[in-house]
Each structure stands twice: as structure tokens, then as C-alpha cells.
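Trainee: Could you take me through one part of this model up close, and then show me how the charged side chains pair up elsewhere? I'd like to follow it step by step.

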Amino acid sequence: MLAQNTAHPLPAPRTRRRSHSLVAPATPARLLLFLCALLVAALLQRPAPALARDPAVLDGLALAQRGVSANLCALTFDDGPGQTTEALLNILRDKGVRGTFFVVGSRVHLYPDVMKRLVAEGNEVGNHTFTHSSLRQRAPVEQLSEIARTNEELAKLGIVPRYLRPPYGRYDNATIDAAAAQSMTIALWSVDSRDWRKHDLFAMLPRKSFGVRGVRGVFLFHDNHRETVEAMPALIDRLTEAGCTFVTMSEYVETSGPLCLH
């Protein structure tokens, strides 16, 4: 027997609704996240910047990874030699402290006796280019000339620097290559005194540093600023009270171990 067909009444007519997409329309927040994801993906495909290309560059972060529990402090002085450099050397000698001087090549021949004394008393010499110009604004061949000419002036005095400190801390891949061609390493700082602003130098130190062992780093000063030289005796005393062990740049770099930025 054939199965009996059962009739079903037609459903009542319904109001036709607008169809919805399975994907919700993009809200401003979702659109922003999507654009951020595209930006991150694009950045990941770009070549690494100059600052991250060469791990041998001693920038603030690299210097923060060096040192020992002895709280090493390297006092470095840029832009000399000048009229106040000898007075600074007197202070360092009297305090039993050795510093590192990043000199401008065009000034070296003006102060040969100061340069000789600087080395004779155990201080270190670094290269701060010949004319103190921003290297990132110079062609690669000009960058090499700035560095090489300074080394030539120092060589006349029997000085062979190990480190280059680009003016204003500005450098690029060409600077790294030029320094390597001269068998040098770029070395910056981890504590900037900002003494060129002629403000209180003690303000650069953490308030809780005085009398507490824990001050350390590569300090940036300028030996052609009279105010810096005049403040140096008291500053060295305060750093000594805070537990600093004073070293040259080379001694600082050659010491391994953790070091904290200030």
C-alpha cells in the first residue's frame, strides 16, 4: 500500500528581513587593531636599524650590561682639550682618579703638552672626530676622514685610541663601518650630566644615591665647561661616598657582569 501523503498548510507570509553577513562590520577599535597589525608586520620585514645592527656598539644599554658589584664609575669628558682641561687634570690627580677624554682632533695640536700629561697620568684618550660635526649628516667618506684625521693627530703624540664617541651620540651604519676600518669601537655613555645646560650637576644622580652603595655607570661631562671643572671635586667626593670605584673606559668595558642604568 502506498504511503498516504499528508497535506501541510502553507505558513503565514513573513516580513522579509535584511540578510546579515557572517562577519560583523568593522568597528573603529577593530579597524585600529587591524591597522596596527599591518604596521607591525611591515616593520618586521624592514632591515634592522643601524643602532641594532652591530652588538659591538657600546650604547647606553650595552654599557648597562657591564660592570661588577664594585660599582664601577667611568668619568668621561668630551670636546677638549681646552683651556680648562689642565685644571681638570689637577683635580683628577689630587683625587687619585683617572678619566677618559674624548678629544676633538682639530684641537689636539693646540695643546700637545696637556695631551702628553693626560696620558702620562694614566688617563685614557678617545676619538671625538676632527671637527665635532654630526656624522649622520656626512657622507661615508667624510665620516671616515673625520675619524682618521683625529687618529693621525693623536698618532703624532704616540696615542692610539680604542673608542670613538660620535658628537651628540649620533651615528649610522657608515659610522660603524668607518670606526671598524680604524679598529675602533663606538662608545657612548649611560649617565648624561647635561652639564652643557649649566645646571646643578648633582641633580643627575638619584636622590637616594648619596651614602648608599649603588651608583655606577659611564658618566658624560665636558672638560671645556668651567662650571663642570669647578664642580668636579665635590662631585667626585659625593660619588666616592656613594661607593664608586673609578676606572677608565677600557677598564669599565673589560669588566663583565651586570650593571644598572641610572
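Mentor: Let's start with strand β3, residues 124-127, and keep in mind that this is a predicted model. Which of its faces are covered? Both of them: E124 and G126 on one side are buried, and so are V125 and N127 on the other. Strand β2, residues 100-103, pairs with β3 in the parallel sense, and the pairing runs over four bridges.

On to the charges. Side chains of opposite charge can pair when their charged atoms come close. Searching the whole structure turns up 10 salt bridges, so let's visit a few, using the cut-offs that buried means under 20% relative accessible area and exposed means over 50%.

Take E146 and R138: they form a salt bridge, with 3.3 Å between the closest N and O atoms. Buried or exposed, what is E146? It has 5% relative accessibility, so E146 counts as buried. R138, at 26%, counts as partly exposed.

Next comes E153, which makes a salt bridge with K156, and here the closest N and O atoms are 3.3 Å apart. E153 counts as buried because its relative accessibility is 17%. K156, on the other hand, has a relative accessible area of 64%, so K156 is exposed.

Then there's E254 with R162, whose side chains meet in a salt bridge at 2.7 Å, N to O. E254 sits in helix α10 (residues 249-254), while R162 is in the loop between α7 (140-155) and β4 (163-164), so this pair ties together parts that are 92 residues apart in sequence. E254 counts as exposed at 55% relative accessibility, and R162 is partly exposed at 38%.

Salt bridges can also join up: E86, R117 and E121 are linked in a network of them.

One last stop, the largest pocket, with a volume of about 200 Å³. Of the 15 residues lining this pocket, Y168, W189, W196, L220 and H222 are the closest to its centre. Sorted by class, the lining has six nonpolar, four polar and five charged residues.

Notes: Residues are numbered from 1 along each chain as its sequence is written. This is a predicted model: local features need pLDDT of at least 70, side-chain atom pairs count only at pLDDT 80 or more; totals for chains, interfaces and linings use all residues. Side-chain values use heavy atoms; hydrogens and water are left out. A salt bridge is a side-chain nitrogen of Lys or Arg within 4 Å of a carboxyl oxygen of Asp or Glu. Buried means under 20% relative accessible area, exposed over 50%, partly exposed in between (1.4 Å probe, protein chains only). Helices (H or I, at least four residues) and strands (E, at least two) are DSSP runs, numbered from the N terminus. On a 1 Å grid over the protein atoms alone, a cavity is a set of points where a 1.4 Å probe fits but cannot get out, and a pocket is an open set with protein on both sides within 12 Å along at least five of seven lines; lining residues have an atom within 4 Å of a point. Grid points are joined across faces, edges and corners, and a volume is the space filled by probe spheres set on the points. Ala, Val, Leu, Ile, Met, Phe, Trp, Tyr, Cys and Pro count as nonpolar, Asp, Glu, Lys and Arg as charged, and the others, Gly among them, as polar. Two strands pair if DSSP finds at least two bridges between them.
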